[in-house]
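Here's a quick briefing to read with the structure open beside you. Let's start with the rings and then head for the surface.

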Amino acid sequence: MRVEQLGEGHPELAIVAAIHGDEPCGVRAVDRLLGDESTVQRPVRLIVANEKALAEGVRYVDTDLNRAFDEATSEDAHERDLAVELAEAVRGCTVLSIHSTRSAAKPFAITSGLNDLAREIVPHLSVRALVETGVNAEGRLFAAEADILEVEAGYQGSVEAAENAYRLAREFLTATGAIAGETIAHDLEVYEQGEPVEKPPAEEYEVFAENFVHVDAGETYAAVDGEGLAAEEGFDPILFSAYGYEHIFGYRGTFAGTLRTTEDGAATLTAD
């Protein structure tokens, strides 16, 4: 695990990249931040987490690092020790963890709940939506003793994801007072992440649903070997893709409302 720092003193802010080795966009952002001439007003810890997986160009070596922050992970897994080391490195920090995806080009944010971190920072990031993981946070970095905010910066391996990651990192540092500047808060759709949508065994998969666009009951959202799958109940797709996950298409989401920021800076969730 590579750890760098901007500024002097004990950091209360951190940016984490390469939780997954096949998501290099965050590493590009970290390297660009290290090369910036901007003077930080608060020290920031910069972490490239799974260097071994990154070097091999794979998602993980033994097990998914972002599911390894609990006791269920095998003791001999590379990511088990790495999870302990990473949790210690971010302890007590406000953290931006940068990811990329095979399902959505436009960035979106993920938190474990609609907490102060979500209300105060996420509206200042250029993201499409905010997803609350709820019970789906088990084993993830959210388990660390830190305030964790994840962002999906765009398609894995794309130039756009790397640019988005750098922009999101700077917005995060601006919103938290680490670098000078201003951000403009915007209204933000909020979704609750529900249960996964399983993929039956097949040779070919297709996805017709668009992330964060409601699928009505009876609507065909995907196909398995050319046979369409219709939704039994309506849902809002989250992290949906044909091949992003091995056994699931993505997750059933529920629209929770719109997070609106008032002139005094307070963020309120409204039903519309």
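**Rings and charges**

Ring pairs tie Tyr-205, Tyr-221, Phe-235, Phe-240, Tyr-243 and Phe-249 into a cluster. Keep in mind that this is a predicted model, where local features need pLDDT of at least 70, side-chain atom pairs count only at pLDDT 80 or more, and totals for chains, interfaces and linings use all residues. Residues are numbered from 1 along each chain as its sequence is written, and side-chain values use heavy atoms, with hydrogens and water left out.

**Aromatic pairs**

- Searching the whole structure turns up eleven aromatic pairs (rings of Phe, Tyr and Trp, its six-membered ring, with centres within 6.5 Å; planes under 30 degrees apart are stacked, over 60 edge-to-face, the rest tilted).
- Tyr-221 and Phe-235 have ring centres 5.7 Å apart and planes at 80°, so this pair is edge-to-face.
- That pair links distant parts of the chain, 14 residues apart: Tyr-221 is in strand β10 (residues 220–224), and Phe-235 is in the loop between β11 and β12 (236–238). Strands here are DSSP runs (E, at least two residues), numbered from the N terminus.
- Tyr-221 and Phe-235 are both buried (under 20% relative accessible area, 1.4 Å probe, protein chains only).
- Phe-240 and Phe-249 make a stacked pair, 6.3 Å centre to centre with 20° between the planes, and both are buried.

**Negative surface patch**

- Glu-203, Glu-204, Glu-206, Asp-225 and Glu-227 gather in a patch of negative charge on the surface (residues with over 30% relative accessible area and no salt bridge, like charges joined within 9 Å; a salt bridge is a side-chain nitrogen of Lys or Arg within 4 Å of a carboxyl oxygen of Asp or Glu).
- Glu-227 belongs to strand β11 (residues 227–230).
- With a relative accessible area of 59%, Glu-227 is exposed (over 50%).

Definitions and conventions. Patch = residues over 30% accessible without salt bridge, like charges linked within 9 Å, V, L, I, M, F, W, Y side chains within 5 Å. Areas by Shrake-Rupley, 256 points an atom, 1.4 Å probe, with all protein chains shown as cover. Lys, Arg positive; Asp, Glu negative; His and termini not counted. Charge placed at Lys NZ, Arg CZ, Asp CG, Glu CD. Helix = DSSP H or I, 4+ residues; strand = E, 2+ residues; numbered from the N terminus.
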